Every structure is written in structure tokens, then in C-alpha cells.
Amino acid sequence: MMSKKIALIGNQNCGKTTLFNALTGSSQHVGNFPGVTVEQKTGFIKKHKDELELIDLPGIYSLSPYTAEEIVSIRYLLEEKPCLIINIIDATNMERNLYLTTQLLELNIPMILVLNMMDEVITSGNSIDIDGLKERLEMDIVPISASKNEGIEDVITAIENNLDKPSQHIDICHGVVHKAIHSISHIVEQSAQSLQLPLRYCVTKIIEGDDEMFDQLHIDQGDRHIIEHILQKMEEEAGTDREAALVDMRYSFIEDVCKQTVFIESETKEQIRSEKIDRLLTHKYLGIPVFILIMLLIFYLTFSLIGAPLQDLMDSIIGEFSNMIIRLLEQYDVAFWLRSLVGDGILAGVGSVLSFLPVIVILFFFLSMLEDSGYMARVAFVMDKALRKIGLSGRSFVPMLIGFGCSVPAIMATRTLSSDRDRKMTIILTPFMSCSAKLPIYGMIIAAFFPHKAAIVMISIYCIGILVAIISALLLKNTIFIGEPVPFVLELPAYRIPTLKNVYLNVLDKAKDFIHKAFTIIFMASIVIWFLQSFSFTFDFVTDSSQSILAAIGSFVSPIFAPLGFNDWRASTALMTGITAKESVVSTLTVLTQSSSTAALNQALIGIFTPLSSFTFLVFTVLYMPCVAAFAATKRELRSWPQAILTVIFQTGMAYLVAFVIYQLGQLLL
């Protein structure tokens, strides 16, 4: 039996993700919408397993096709035709949120309205006439508090009651726009019906000047002249342009509805609290220093106070497990080469990466807390002025911020940038942000050389990445990408206490991704590295890895890195394997040094690097070309092989130059 599809849609920061998690629980799947790189999250509604599939559409403010998120949402609603729309809105800001609602009403799809954050409305002394609102909008209205899990059962009941109901037909138009809409409707009605498109939606798109809609409806030149005459007359009578007249009509309806049903006595406690906190966190001069201090604290907790003991515990567990497997292989007299493959290759390579799982979990726990609280939106706002000076806007900060998690979705997220110039610059600069895949490398070097200065080393590495991005942006701004960034408009949500369920699901998703990579890419890379460092070109098994195929390859490349302070063939080999996945740098060095524990690896690294060269190795690692998956995303977004290759050359060239300068200056000073 085919499942019924239900679309969940709303503005950003309205609690959509929290409601989605509450309705679906752990029954979720994350992928991409077909043909585009915008993330799609789907899940089955609890109590209706395999029957009611909920699709979490991107957070948007309108159905105007300007961003990838808006295009995806429109396309899904028009092409997939879900049997029901759940429109969630922030009850503390009804007028702004209802604008999207008025557009959704034009799609002729049954809809229920979910008013989230009703607890904040009530505690602030404000109120909403639910029955009155239901009467005006002619749909079920469900008040909830998603973060407190209040009203979720009522949402499920409303879904069940509305599945087979006909769509709402509310005519919100009036005045001169009303006349224009109905006049144009007569002209395009037959075409819209033949294409099975909602008539009112088609007409409003025409009024907004959507050329694609004209072509889609096959409107001939004669009818286009008639429509243009109607719209010119509408503009004359309205005293404004056609698009503004349409917006005014919608807001006029919204204001009338809110005047009768929404009663505001004062700002909510959350809004008042947010204004007080923002005096510090978005301060003109203190905003960025405060952000740096917060990140410094997070790094200290992640890599020293909490993360280090947990990593040691994980390492000891993996070590005991590895020893048990090796003892079993010896007990059954398994061939030496197979014992070496399992012990020195697979267990050492995969185990060395898995030992950093606690660090990954802790870091993303804190970052998820910041995201869910509403603070990350403030960081984008604070960074706008600084980014504008280097040729970008605060909107570019969002992909860059995602880049601290993974470069692939970060590069994909640049599709939300309306300017082609801004988008290309952001794609080039985003990999300079230190992704989570590099965290095991940092942890490895810090444990060996800087165990008591972990937070300082970490913040310096991140700052170097950001600084190089700034220098690169200035260089690009004054050469290839001359011009000004597009204006940045951002709504700052009220600060709220993060919901543990959202944080848990986000961290779980990152942990799953990390573990999946460990048992796929790292697993295969460990086998390949073991083979290349265990056999010579004549395929003789060698006990001395310096006689291996890998040593020959690494020795050929290693002189290139001598000016950076590390010319050991094992270091250059690790950098080469890091192109497949950055975590491979750790597994490669573990396999090549035949280290069975973190302590053994630390000791081996001291023979490969000095403290200064280990730091330049870190710098090069954070800046040089991203992994193959990120390169593929770059090529796909730039739609050009030459541009993608030049991007990688530029990134690696900057990495080499910066690492060279740091090492040479370090030698002079130290």
C-alpha cells in the first residue's frame, strides 16, 4: 500500500524541526530532494507507521522562487501534490508567519495550521482567539508547544481528521487587485486546468512577473498584451507597482485577521530576554570577541577537560578488543600476512579513527546547543559587517559555518546565495573552514606535542583557517570577483533553551556519519595502505616498510614538503591518502608506524615531527584541497571542470604558502 504524503512547511526558526522530530520520533531518513542538493528529511508519523509519510520541507518565508529552498518547496507541493499541508507558525509573531499561509492557501491543498510557542504567548499575558482564527481561515487550528511536547497528539488527531477533506477555498483578495486577479483568471483558467495547476497560484505568479509561468501556461502574445493592460490599470489605481500591490493585499488580509483574533499586551519574556542578551552578544565591538571566547571554551571542554579522558577510555576499549582479535588469530595459527592485515591494517587504521568518536560527539553536542538556542543566527548577523569588508555578506557565513561540520553540505548550501559572484567566492573559501573530518588529525598531533595547550592550539588552527579565508577573499575581491556583495536580511529568533531531543538527534546523525565513514572509506583505505606498505614492487612481503611500494611513492613526493619542516615519506603519504577522506591521515600514520595504541602512536610521531613541524603539518592539513567528495561537490556547483581544478590548485597553493611562512618564521624565532 502506498503511503500518504504530508508536507510540513513553515518559516525558519518556527520550531518546524522540533515538531517533525516529535511527530516521527526515530523513524527518519535524511537525503536530498531529487535533482538538487537541498537536504530532505522524511519520516513516518507515529501510530501510522508506513501509512503517513511526513516530508520536512526547507524553512522559507514565501513561495517566491528566489532561493533553492523556495524552488524545492514549490516544486514539491505542485508536482508531488501531498494530501495535506501542515503549516507551522510562530505564534509570537503571527503577522509575519501568516504571509506564507496566504500563499499556501492558493495551492488548493488541504491544510491545517499549527500555532507553535503558545506557552510563550500565554505566559506573557497575550492571547489568540483560536476559534475566531479557525472561522476566518476555515481550517483546523492546533495550538502547541513543540519544545515541551504539548499538543502533539492534537496535531496527529487533526491530521487524521483532515486527510480526506476537500481543500480550502478562501478568497482573500479585495480592491483593485481583486479585479485584476479575476480578470486574468478568465484568460488562463483553461490552460491551468489542463496542466493541473492551481488557478489562483498561476495568476499571482503572473502578477509577480514570473516569465516561466507565462511560458508554462502557453499564453500567446495577444493574451499577454491583454494581461499587461490589466496589470498597468491595476498599478495606476493602486498607486504602486504590481508586486507591491499583491503584497499589500495579503498583509491587509493578515492585519484584518490578526486585529480580530490576536491580542498582544506586551512582548514575550523570551523576546525581552533576547533583547537584553543581544546587547552583549551582538555588540558592535564585543560580538566577535565573545564568539571567539565561547568557541575557545568549547574547544577546551572538547579536547581537554571532557574529551581527553573519554578518548583515552575509548582507545583502551578498542585496544583490548584489537588484542583479543589478534590473540584469537594467533591461537588458530592464522597466516602471518593475514594477522598483519587484520591487526596492523584494519584494526589499527579503523580503531585509530574510532577512538576520536567521543571528541566528535562532544563538539557537535555543544555546536548543536548553540544552533538550537538561536545564537548561531546572531553570529551570522555580527559577521555581516566584517564579511562585507572582504567582499561577502553575512549570508555567506551560513555555508562557512556548515563548513565547520563538513565541506560537502557547506558547498551545496551556497545555492541559497542569490548572487553568482557571492556563490563562487563562498565555494572557494568554505574549505578553509576546518571540517569535523580533520578533528582526529588535530587530536592526534595535540596528544603527541601539545597535550597541555590543546584549546590554544585548536583555536589558533581555526583562526588561521579563517584568516586565510579573509586574505583569499580580499585577493579574489580585487582581481577575479570585482563587485559588491548582495544585501543581507536576517531575522533573529528569540533565544530559547535548546531541546535535548533535537540536540540528541543532530549529534546522533553526526556520529552515524562518522562511524559509517570509519567502516567504509577508512576501512578500504587501511587495507590499501597496509598492502602498499607491506609489499615491494616485486610483490615480496617486506618486514621493513621503508622497502615498500608506499615508501617509494612517499619518498618521491616528500622533498616537496621539506621546506615546510616535514620530509618524512610517511607524512607525505598520509597527506596523499587524506584526499580520499581527511580521517585517513590518522589511519595511514597509525598503519605506517605500526602503532597499537595512542601512546605508541604519540611516540612514533615524535620521531617524524618536531613540535614546530607538527604545527605546520596541521596548518597544511586544514588548508589544502578538501576530500574527493567535496571536490565533486565543488565541480557540481561550479558546473565546470577547469574552475573546480583551479579552485583546488588555489587552495593547496595557499596551504603550502602559509605553512611555509609559519615554519620559516618559527625557525627564526625559536
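**Before you start**

The model is predicted, so local features are reported at pLDDT of at least 70 and side-chain atom pairs only at pLDDT 80 or more, while totals for chains, interfaces and linings use all residues. Residues are numbered from 1 along each chain as its sequence is written, and side-chain values use heavy atoms, with hydrogens and water left out.

**Stop 1: helix α20**

Select residues 420–429, which make up helix α20. Helices here are DSSP runs of H or I with at least four residues, strands are runs of E with at least two, and both are numbered from the N terminus. Is this helix enclosed or open? Nine of its 10 residues are buried, so α20 is largely enclosed by the rest of the structure. Buried means under 20% relative accessible area, exposed means over 50%, and partly exposed lies in between (1.4 Å probe, protein chains only). The areas themselves come from the Shrake-Rupley method with a 1.4 Å probe, and for residues only the protein chains shown count as cover. Colour the buried residues if you like: Arg421, Asp422, Arg423, Lys424, Met425, Thr426, Ile427, Ile428 and Leu429.

**Stop 2: a negative patch**

Now select Glu95, Asp241, Glu243, Asp248 and Glu255, which form a negative surface patch. A patch takes residues with over 30% relative accessible area and no salt bridge, joining like charges within 9 Å (for nonpolar patches, side chains of Val, Leu, Ile, Met, Phe, Trp and Tyr are joined within 5 Å). Asp and Glu count as negative, Lys and Arg as positive, and His and the chain ends are not counted. Each charge is placed at NZ of Lys, CZ of Arg, CG of Asp or CD of Glu. Which helix gives the most to this patch? That is helix α11 (residues 242–261), with three residues. Asp248 lies in α11 and, at 46% relative accessibility, is partly exposed.

**Stop 3: salt bridges**

The structure holds 15 salt bridges, each defined as a side-chain nitrogen of Lys or Arg within 4 Å of a carboxyl oxygen of Asp or Glu.

- Begin with Lys179 and Glu237, whose side chains meet at 3.3 Å, N to O. The pair links distant parts of the chain, with Lys179 in helix α7 (residues 175–194) and Glu237 in helix α10 (residues 221–238), 58 residues apart. Lys179 is partly exposed at 47%, and Glu237 is partly exposed at 40%.
- Next pick Arg242 and Glu235, a salt bridge at 3.0 Å, N to O. Arg242 is buried at 17% relative accessibility, whereas Glu235 is partly exposed at 22%.
- Then go to Asp568 and Arg570, where the closest N and O atoms of the salt bridge are 2.9 Å apart. Asp568 is buried at 17%, and Arg570 is partly exposed at 22%.
- Finally, show Glu106, Lys205, Glu208 and Arg250 together, as salt bridges that share partners join them into one network.

**Stop 4**

Select Phe617 in helix α29 (residues 611–623). Is Phe617 buried or exposed? At 0% relative accessibility, it counts as buried. Which residues is Phe617 in contact with, leaving aside neighbours within four places in sequence? They are Ile441, Ile445, Phe566, Ala571, Leu575, Val585 and Phe609, with contact meaning heavy atoms within 4.5 Å.

Move on to Asn602 in helix α28 (residues 598–608). Asn602 is buried at 16% relative accessibility and touches Met444, Ala447 and Ala448, not counting residues up to four places away in sequence.

**Stop 5: an exposed leucine**

Leu293 sits in helix α13 (residues 287–305) and is exposed, with a relative accessible area of 56%. Select Ile459 as well: it is 166 residues from Leu293 in sequence and 9.5 Å away in space, C-alpha to C-alpha.

**Stop 6: two positive phi angles**

Most residues other than glycine have a negative phi. Lys81 has a positive phi of about 50 degrees although it is not a glycine. Look for Lys81 in the loop between α2 (68–80) and β5 (84–90), where it is partly exposed at 45%. Gln594 also has a positive phi, near 50 degrees, and its place is in the loop between α27 (584–592) and α28. Gln594 is partly exposed, with a relative accessible area of 45%.
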